[in-house]
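Hi,

Here is the structure I said I would pass on.

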Amino acid sequence: MSSATFPHLFEPLEIRGKRLKNRIMSSGHDTSMPADNLVNDQLVAYHRARAKGGVGLIVLQVAGVHDSARYTSHVLMATDDECIEGYRQLADACHAEGTVVLSQVFHPGREIMESSDGLLTVAWSASASPNERFRVMPRALDQRMIDEIVAGYGAAARRLSEAGLDGVEIVASHGYLPAQFLNPRVNHREDGYNGDLDARLRFVREVILAVRANCPEDFIVGMRISADERDPEGLTEDESLTAALALQGQLDYLHLVAGTSASIGGAIHIVPPMAIEAAYLASTAGTFKSRLDIPLFVTGRINQPQEAESILARGQADVCGMTRALICDPQMPNKAANGRSDDVRACIACNQACIGHFHRGYPISCIQHPETGRELTYGESKPATVRKRVMVVGGGPAGMKAAAVAAQRGHEVTLFEAANQLGGQVLLAQLLPRRAEFGGAATNLQREMELAGVQVQRNVRVDRALVELERPDLVILATGAKPYWPAFERGGDLQVVDAWQVLRDEVQLGRSVVVTDWRGDWIAPGIAERLACNGHQVRLAVSGPHCGESLPLYVRDQMAGELHKIGIPITPYARLYGCDDNTVYMTHAACGEPMLFEEVDTLVLCQGHQPVDDLGAGLEGLVDFRRIGDCLAPRTVEEAIYEGLKLAWSI
């Protein structure tokens, strides 16, 4: 496979006799799909879809090498021969599409997120150095446990080799166990595993030797490491580079990432949100690449083939990890190779359904491509048995997804939008600070509709008479929502506006502003930051225990850091009660005690939304119709797009 547009991206690469057909990698990422800690049909289908999409290399999610490596309740385990058959099915499915398949081998050390029964488990590390993020105080490994774990790496690699995988990647990134030995601020041992660099590398050297000893000569052995753990107590770039140079003679490649699981700030870089610059590790990768003699892989917000091509062309890396890009569009490699890069559904790094699902224990998906993770249900397009005339009312995400999928299945679809632009609330979301990429969700859905042949009528407000004239077989109502204004005590002349009015620049605000937040998402913090940057004095009052309560963790934490840097005070547990001329009255959500915000000029309401469903009642008895998205019940873009898919598949 080759492409004149992306000559470096589609140049094959050979590693230990295995041929990567291109330089695109799906890097190791937990999916929350495994059942009973084993590979299952859902996981096989998920990776098969990316292999069919043309990816050159798949690195499977972490495989625990010892019983103490269970850092989540749904982690894959390679500690028993029972795992071999599932891995064999997965390897066969990907090999059939010409994709090279590796698996990560893993021990988290002190980075324990949860247990299967809710009890706190015993965590082990190089030393009794506490983890800040999960509040874990580990126990120092003794020699017997070290030997067990090292042997576990070797045994796990043997099982993966017997299953037909092409190699393994030792996870020494993100502050996991090998990095805990390597880091002099974590490793306080007084034996041969601490001291100079060579002593601190002893553990990982033993791991590499154990893997090599248990696997055939042509088995790939790579390692992932954080170039910089982005934490004061974490590994620095110089330390990681020095370690990489010392180890490269034992490895077939090095995979570079950033961040650490051990701290809130460092963890943001495990799956960097859209506020982080695209391809932001390219320069650092170039530094490592210039010093190493083995292939270098790099992962970190590489969203599009153009970005990966640039990195490769500049000689900054040999392979690019494009994991979320492949979650969002499994066909991205094939599209790029066939000159269809404009058709690529670009990841917007919202983190909502991928890592956001993982952190809540659900199988990962994608807000733009809800087929991801649901390949067993939606993996193969199902042509309609009877072609119908479908009328979609509303050009937001729900309506566009329903229209695109219905048309793909063979229905005659026309979408009507009252405004002159498609996108619904996505058009507002992209106006918030560091959220511009969110607009890509609307752009991508419009392209899907174009390719599917959907007819679009803009600036048309649908009523009963138009439905009677069009005579559709089915009407899909996707008319969205509008800001919700709760009932509250109002006296005096304090200016009160909602978030939409602010984003549309429909109002002139006073200098002192209180932003009240019921939803706990990114709207109120974004409004607060936007106003503060425009010179207003802003206070943010949230009804929950903390700002961004309902957001994916890394999005929330990055945002919280930005609000702190610009000095926006945040009051939690604040429920709106009322206002007068210059005071906003709140009550404490837990105890009901009053909370006063004085000397206020403007109150901005971010109190959620209510459905816009004026048309539904008028269609009763006239035509078959269904509601989806916010007009059914206001939620997020993820539910809207998924309901569009689900309904379109049922027609």
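**What lines the largest cavity**

β4 (57–64), β6 (100–106), α11 (323–328) and α13 (355–359) each give at least two residues to the lining of the largest cavity. The largest share comes from α11, with four residues. Helices here are DSSP runs of H or I with at least four residues, strands are runs of E with at least two, and both are numbered from the N terminus.

Before the rest, some housekeeping: this is a predicted model, where local features need pLDDT of at least 70, side-chain atom pairs count only at pLDDT 80 or more, and totals for chains, interfaces and linings use all residues. Residues are numbered from 1 along each chain as its sequence is written, and side-chain values use heavy atoms, with hydrogens and water left out.

Back to the cavities. A cavity is a set of points, on a 1 Å grid over the protein atoms alone, where a 1.4 Å probe fits but cannot get out, and lining residues have an atom within 4 Å of a point. Points are joined across faces, edges and corners, and a volume is the space filled by probe spheres set on them. There are six cavities of 30 Å³ or more.

Of its 15 lining residues, Pro433, Arg434, Arg435, Val555 and Met559 lie nearest the centre. Both α20 (523–533) and α21 (553–565) supply at least two residues of this lining, which divides into ten nonpolar, two polar and three charged.

I also looked at α1 (residues 41–52). Its buried residues (under 20% relative accessible area, 1.4 Å probe, protein chains only) are Leu43, Val44, Ala45, Tyr46, His47, Arg50 and Ala51. They pack against β4, β5 (76–77), α2 (84–95), α11 and α14 (375–378). Just after α1, glycine 54 has a positive phi of about 105°.

Lastly, serine 161 sits in α3 (residues 143–162). Beyond its neighbours within four places in sequence, serine 161 is in contact (heavy atoms within 4.5 Å) with Cys215, Pro216 and Phe219.

Cheers

Key:
1 Å grid on protein atoms, 1.4 Å probe; cavity = no way out; pocket = protein on both sides within 12 Å on 5 of 7 lines; lining within 4 Å. Nonpolar A, V, L, I, M, F, W, Y, C, P; charged D, E, K, R; others polar. Buried < 20%, exposed > 50% of the residue type's maximum accessible area, 1.4 Å probe, protein only.
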